[in-house]
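The structure is shown first, and the notes follow by topic.

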Amino acid sequence: MSTTPAPEHRPESADVPGSIEGAAAAAAVTAEPAQPAAARPGAARSGRPALYYTLLRMGLFAGVLLVVWLLFRYPIGLTGNGAGILAVGIALAVSGVLSYFLLNNQREAMSAALVARVERAKARIEEGASAEDDLVADGR
């Protein structure tokens, strides 16, 4: 019977008290206020949260549709056009409920991105309106 020694733990520089990296990591953790997941950069896996959410939603629907279709086809034995339409309807309802709970973070990220985009558009419109008001006030 042979025993292998436990691997030696080598602390990372961030784990070593007093190291520069450890102090910087500790300062970064304590200096930043807590942000919701949607406000953090990189909260969504891509730069387009709406696209990411839509793809996840479509994937969830496709997975649920496959499961429902397989249930209809083999254990129950339903076939034909009526069964297909019923399977799509059931899959839509089930995937909608599941996405409400499973895709909440992605939906919040998409909402935050949309709000930011609307705010930027409002700021541009307001900037243009104030520039126009300045021109009118100067008599040009």
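Which residues of α2 are buried? They are P49, Y52, Y53, L60, V64, V68 and F72. The model is predicted, and its protein chain contains four helices and zero strands.

**Chain overview**
- Starting at the N terminus, the order of elements in the protein chain is α-α-α-α.
- The protein chain has 140 residues, of which 14% count as buried.
- Taking contacts between residues at least 6 apart in sequence, 59% join residues at least 24 apart.

**Helix α2**
- Helix α2 covers residues 49–76, which is 28 residues.
- At 1.5 Å a residue α2 should span 40 Å, and the 39 Å between its end C-alpha atoms agrees with that.
- The partners against which the buried residues of α2 pack are α3 (81–102) and α4 (104–138).
- G77 comes after α2 and has a positive phi, near 85°.

**Helix α4**
- Helix α4 is made up of 35 residues.
- From first C-alpha to last, α4 reaches 51 Å, close to the 51 Å expected at 1.5 Å a residue.
- The residue following α4 is G139, and its phi is positive, near 85°.

**α2 with α4**
- The two axes come within 8 Å of each other and cross at roughly 150°.
- Angles over 145 degrees count as roughly antiparallel, so α2 is roughly antiparallel to α4.
- The crossing of α2 past α4 is left-handed.
- On the α2 side the contact is made by P49, A50, Y52, Y53 and L56, and on the α4 side by Q106, R107, A109, M110 and A113.
- P49, Y52 and Y53 are also among the buried residues of α2.
- By class, the residues of this contact are eight nonpolar, one polar and one charged.

**α2 with α3**
- The axes of α2 and α3 come within 8 Å, with a crossing angle of roughly 135°.
- That angle makes α2 oblique to α3.
- α2 passes α3 in a crossing that is right-handed.
- The contact of α2 with α3 has 16 nonpolar residues, along with three polar and one charged.

**α3 with α4**
- The axes of α3 and α4 come within 5 Å and cross at roughly 75°.
- An angle from 65 to 115 degrees counts as roughly perpendicular, so α3 is roughly perpendicular to α4.
- S99, Y100, F101 and L102 of α3 make the contact with N104, Q106 and R107 of α4.
- The contact of α3 with α4 has three nonpolar, three polar and one charged residues.
- Q106 and R107 of α4 also take part in the contact with α2.

**A83 in α3**
- Helix α3 includes A83.
- Is A83 buried or exposed? A83 has a relative accessible area of 12%, and buried means under 20%, so A83 is buried.
- Setting aside neighbours within four places in sequence, A83 is in contact with F72 and L78.
- F72 is itself one of the buried residues of α2.
- R73 and A83 are ten residues apart in sequence, and their C-alpha atoms are 8.8 Å apart in space.

Technical notes:
Residues are numbered from 1 along each chain as its sequence is written. This is a predicted model: local features need pLDDT of at least 70, side-chain atom pairs count only at pLDDT 80 or more; totals for chains, interfaces and linings use all residues. Side-chain values use heavy atoms; hydrogens and water are left out. Helices (H or I, at least four residues) and strands (E, at least two) are DSSP runs, numbered from the N terminus. The expected span of a helix is 1.5 Å times one less than its number of residues. Buried means under 20% relative accessible area, exposed over 50%, partly exposed in between (1.4 Å probe, protein chains only). Contact means heavy atoms within 4.5 Å. Axes are lines fitted to C-alpha atoms, for helices over the stretch in contact, and angles run from 0 to 180 degrees between N-to-C directions. Angles under 35 degrees count as roughly parallel, over 145 as roughly antiparallel, 65 to 115 as roughly perpendicular and the rest as oblique. A crossing is left-handed if the near helix is turned anticlockwise from the far one by less than a right angle, and right-handed if clockwise. Ala, Val, Leu, Ile, Met, Phe, Trp, Tyr, Cys and Pro count as nonpolar, Asp, Glu, Lys and Arg as charged, and the others, Gly among them, as polar.
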